[in-house]
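Please read the numbered points with the model in view.

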Amino acid sequence: MLCESCGFKNDDKNKTCISCGKIITTPVLSDEERRAKIDGLSDKYDSFVTSKFDKIMKWVFFALAALMLVVNIIFKVHVFFIIVLLVVPIVMGIGVGYPKFMWKQNMKHYKWVFDNADDLIPSQFSYIMRRVGFCIYLVLIIILEVTLLISQ
């Protein structure tokens with residue numbers, strides 16, 4: 001924290017300036033600034049907020065589905081593989097791009113297992129693992145497609 005009197009940079013825990021000895025006052029935020037700061041902090045690990053990464057991954061999955069459709073038709077891959085390799089990236093794109101929708105779908109499953117399923121909320125761990133899972137799915141889909149094309 002900077003001293004308003006002399007400009008010396010003090011530790012945040014200091015109540016007086018080390019250089020000049022004046023009392024360090026903390027800046028007071030207006031209500032708007034405080035709300036904006038709280039809103040920004042509360043969304044940091046909110047599992048329902050779609051980040052830039054999520055938006056990019058959503059379109060990567062959708063583009064991958066379209067590319068796989070074209071490539072599989074050109075190489076005359078069996079219809080079953082075309083459907084599977086088309087549906088999986090589309091579902092992954094929906095999953096990464098629309099987390100609230102996917103949570104509602106998961107809640108339908110959780111209600112069969114947990115008595116208090118309505119009280120469940122996603123944790124920070126699920127927030128991180130969801131993103132890791134989508135990256136793993138992306139790699140697996142590409143590996144499966146390449147393996148299928150090589151075996152043709």
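What percentage of the 152 residues of the chain count as buried?

1. Overall burial and surface. The model discussed here is predicted. Of the chain's 152 residues, 24% count as buried. The accessible surface of the chain amounts to about 11,300 Å², and carbon and sulfur atoms account for 67% of that area.

2. Secondary structure. The chain contains 5 helices and 0 strands. Followed along the sequence, the pattern is α-α-α-α-α. Among contacts with a separation of 6 or more, 58% are between residues 24 or more positions apart.

3. The α3 and α4 pair. Two packed helices are described by the angle between their axes and the distance between the axes. The axes of α3 and helix α4 (residues 99–113) come within 5 Å and cross at roughly 105°. Because an angle of 65 to 115 degrees counts as roughly perpendicular, α3 is described as roughly perpendicular to α4. On the α3 side, the residues that meet α4 are Ile 94, Gly 95, Val 96 and Gly 97; their counterparts in α4 are Pro 99, Phe 101 and Met 102.

4. Gly 95. Is Gly 95 buried or exposed? Gly 95 has a relative accessible area of 2% and is therefore buried, the cut-off for that class being under 20%. Beyond its neighbours within four places in sequence, Gly 95 is in contact with Met 102, Arg 130 and Phe 134. Gly 95 and Phe 134 lie 39 residues apart in sequence, while their C-alpha atoms are 8.5 Å apart in space.

5. Lys 76. The loop between α2 (52–74) and α3 (79–97) holds Lys 76. Most residues other than glycine have a negative phi. The phi of Lys 76, in contrast, is positive, near 55°. With a relative accessible area of 70%, Lys 76 is exposed.

6. A nonpolar surface patch. Which residues make the nonpolar surface patch of about 740 Å²? The patch is formed by Phe 125, Ile 128, Met 129, Val 132, Ile 136, Val 139, Leu 140 and Ile 143. One of these residues, Ile 143, is placed in helix α5 (residues 124–151). Ile 143 counts as partly exposed because its relative accessibility is 47%, a value in the class between buried, under 20%, and exposed, over 50%.

Technical notes:
Residues numbered from 1 in each chain as written. Predicted model: local features only at pLDDT ≥ 70, side-chain atom pairs only at ≥ 80, totals over all residues. Heavy atoms only, no water. Patch = residues over 30% accessible without salt bridge, like charges linked within 9 Å, V, L, I, M, F, W, Y side chains within 5 Å. Areas by Shrake-Rupley, 256 points an atom, 1.4 Å probe, with all protein chains shown as cover. Salt bridge = Lys/Arg side-chain N within 4 Å of Asp/Glu carboxyl O. Helix = DSSP H or I, 4+ residues; strand = E, 2+ residues; numbered from the N terminus. Buried < 20%, exposed > 50% of the residue type's maximum accessible area, 1.4 Å probe, protein only. Axes fitted to C-alpha atoms, helices over the stretch in contact; angles between N-to-C directions. Parallel < 35°, antiparallel > 145°, perpendicular 65-115°, else oblique. Contact = heavy atoms within 4.5 Å.
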